[in-house]
Amino acid sequence: MKIVNEMNISFASKSINESFARSVVSAFVLNLDPTINELADIKTAVSEAVTNSIVHGYKMEDGTIYINGKITDKNKVILKIRDRGCGIEDIEKAMEPLFTTAPEEERAGLGFAVMQSFMDKVKVSSAPGKGTTVTMEKTIIPRKR
């Protein structure tokens with residue numbers, strides 16, 4: 001598998017930047033000619049990962065979110081959303097539907113479940129005090145013209 005395109009961005013961990021992240025990633029994958037549904041899936045998964053970094057990783061405090069995007073020669077999009085926030089003690093527990101560390105924010109605890117439902121693969125790596133990286137993959141099915 002060969003990387004044919006790559007991008008890196010970083011931005012402040014502010015809720016207003018969630019739409020920025022969605023737009024940048026959307027623009028990055030457009031050259032693969034995704035369907036509207038494929039694009040919506042990716043944008044939704046990115047929103048969830050970025051929101052998790054803002055709300056849970058940095059606990060609404062100042063920080064930086066990093067996104068690395070790669071496109072392979074097999075039409076696979078690989079996205080890494082990373083923060084240097086508080087990290088996750090129990091990744092398995094955090095990935096359970098309805099689990100949330102911010103019930104006072106009225107969070108549903110479905111972020112990871114949403115990411116998993118819209119992407120082909122989701123991997124989370126984290127360490128307390130070191131931050132979290134969410135790696136998501138989705139293959140865009142080539143359309144016949």
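Which residues have the most contacts inside the largest nonpolar core? I looked up that core and found 31 residues, with Val50, Ile67 and Met136 having the most contacts inside it. A nonpolar core here is a set of buried Ala, Val, Leu, Ile, Met, Phe, Trp, Tyr and Cys residues joined through side-chain atoms within 4.5 Å. Buried means under 20% relative accessible area, with a 1.4 Å probe and protein chains only.

I noted the source: this is a predicted model, where local features need pLDDT of at least 70, side-chain atom pairs count only at pLDDT 80 or more, and totals for chains, interfaces and linings use all residues. Residues are numbered from 1 along each chain as its sequence is written, and side-chain values use heavy atoms, without hydrogens and water.

Helices (H or I, at least four residues) and strands (E, at least two) are DSSP runs, numbered from the N terminus.

I then checked α2 itself. I found 16 of its 22 residues buried, so α2 is largely enclosed by the rest of the structure. Just after α2, Lys59 takes a positive phi of about 50 degrees.

I turned to Val50. Leaving aside neighbours within four places in sequence, Val50 is in contact (heavy atoms within 4.5 Å) with Phe11, Glu18, Ala21, Ile65, Ile67 and Ile81.

Last, I looked up Thr72, in strand β2. Thr72 counts as buried because its relative accessibility is 1%. With neighbours within four places in sequence left aside, its contacts are Met1, Lys2, Ile3, Val4 and Ile78.

Definitions and conventions:
Buried means under 20% relative accessible area, exposed over 50%, partly exposed in between (1.4 Å probe, protein chains only).
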